[in-house]
Amino acid sequence: MSIAVIVNPAAGRGRAGRLWPEIEAKLKAALGDVSVYRTDRPGAERALATTALAAGADHLIAIGGDGTVNGVTNAILERHGPGSGAAALSTVPAGTANELARYLGVHADIDAAVAAIASGKRREIDILETHCAGLDDGELRHFAFLAISWGSAAEISYRTSTSRYLKKLGGQFSYYAVTLIVTLTYDNLLGDVRIDDKDMAGLTHYTGMICNTEYLGGGMRLAPGADPTDGRADLLLFKNIARKDILLQKPSWLFEGRHIEHPEVELLPGKDFAVRGPSRALVDADGETIGRLPLTAWVVPRGLLVRG
């Protein structure tokens with residue numbers, strides 16, 4: 001087995017870079033020699049992972065958060081295709097949000113993550129494949145292991161990641177500040193949403209998410225009961241919900257999964273999805289802005305091999 005480590009030192013506002021010497025020593029003690037690739041700009045993890053795969057790596061370890069993991073995941077699946085099992089993914093949590101690590105039971109625990117990788121435990125998890133309009137021109141193909149979102153959720157993610165001023169104030173503060181602004185100003189979408197054979201034409205909605213895992217966005221329980229090994233995903237829709245019903249809730253509303261009790265929130269299981277709506281609506285995959293509506297997406301059962 002040839003192991004390559006993709007390190008994003010900037011992840012978690014520099015936390016990954018500060019932790020890297022410790023992580024590197026523990027990985028080498030547990031696994032022996034590994035090839036190390038360090039990112040030098042946002043989004044570089046995908047290109048570095050592609051280079052590592054071309055050099056013969058068949059086990060990639062992502063050091064960072066969900067964005068880093070998503071880039072490495074897309075490199076693996078772009079080269080080998082989903083479900084091939086030709087290369088495995090692992091992660092050591094070092095970013096702002098580490099939801100794959102949470103699912104694997106090693107959230108915020110470097111020692112546990114390294115031990116799990118060294119154990120050789122293999123899991124095959126479902127993956128989401130989506131096609132949407134690119135940010136510039138043409139159609140974009142992308143994979144996600146957490147969720148694909150559009151509307152206000154994607155807008156919040158985009159503004160949080162691109163606002164230099166707010167990012168200086170801290171990750172959580174910037175997220176809550178942007179959420180407040182978007183909640184007060186983002187207009188509802190009017191579009192057509194399809195899940196399997198159920199069509200919702202002319203649906204007024206605030207945001208939508210196709211969720212592969214139960215927890216997203218730093219521990220929010222957005223899709224209670226979602227399981228990335230059951231061959232389906234859960235469509236979370238915030239429909240024509242009053243903004244005050246969002247703003248007046250306790251922060252624990254989303255973290256406890258109580259939002260699904262609201263009459264304008266719906267959680268529907270399915271395998272195949274399509275959304276048509278205004279092109280101003282951004283599309284997000286695992287916290288990364290990838291394009292705009294329209295989109296199609298579907299579940300690829302057991303599409304990604306994970307070690308750890």
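A salt bridge is taken here as a side-chain nitrogen of Lys or Arg within 4 Å of a carboxyl oxygen of Asp or Glu. The model is a predicted one, in which local features need pLDDT of at least 70 and side-chain atom pairs count only at pLDDT 80 or more, while totals for chains, interfaces and linings use all residues. Residues are numbered from 1 along each chain as its sequence is written, and side-chain values use heavy atoms, with hydrogens and water left out.

**Salt bridges**

Across the whole structure, a search finds 15 salt bridges, and three of them are set out below.

| Pair | N to O distance |
|---|---|
| Lys28 and Glu24 | 3.2 Å |
| Asp111 and Lys26 | 2.7 Å |
| Glu129 and Arg141 | 2.9 Å |

Lys28 and Glu24 both belong to helix H1 (residues 15-31), where they are four residues apart, about one turn of the helix; helices (H or I, at least four residues) and strands (E, at least two) are DSSP runs, numbered from the N terminus. Asp111 in helix H5 (residues 110-119) and Lys26 in helix H1 are 85 residues apart, and this pair links distant parts of the chain. Glu22, Lys26 and Asp111 are linked in a network of salt bridges.

For accessibility, buried means under 20% relative accessible area, exposed over 50%, and partly exposed in between (1.4 Å probe, protein chains only). Asp111, at 45% relative accessibility, counts as partly exposed, and Lys26, at 26%, also counts as partly exposed.

**Strand S5 and its partners**

Strand S5 (residues 122-134) is mostly covered, with 10 of its 13 residues buried. Strands count as paired if DSSP finds at least two bridges between them; S5 pairs with S15 in the antiparallel sense over 12 bridges, and with strand S6 (residues 139-144) in the antiparallel sense over six bridges. His131 has Thr296 as its bridge partner in S15, while Ala133 stands opposite Glu139 in S6. S5 and S6 form a hairpin with four residues between them, and Gly138 in the turn has a positive phi of about 80°.

**Nonpolar core**

A nonpolar core is a set of buried Ala, Val, Leu, Ile, Met, Phe, Trp, Tyr and Cys residues joined through side-chain atoms within 4.5 Å. The largest such core has 91 residues, of which Ile63, Val92, Trp150 and Leu295 touch the most other members. Strand S15 (residues 288-307) gives the most to this core, with eight residues.

**Aromatic rings**

Rings of Phe, Tyr and Trp (its six-membered ring) pair if their centres lie within 6.5 Å, with planes under 30 degrees apart counted as stacked, over 60 as edge-to-face and the rest as tilted. A search of the whole structure finds two aromatic pairs. The rings of Tyr186 and Tyr206 have their centres 6.3 Å apart and their planes at 75°, so this pair is edge-to-face. Both Tyr186 and Tyr206 are buried. The rings of Phe238 and Trp253, with centres 6.3 Å apart and planes at 80°, are likewise edge-to-face; Phe238 lies in strand S11 (residues 233-238) and Trp253 in helix H10 (residues 252-255).
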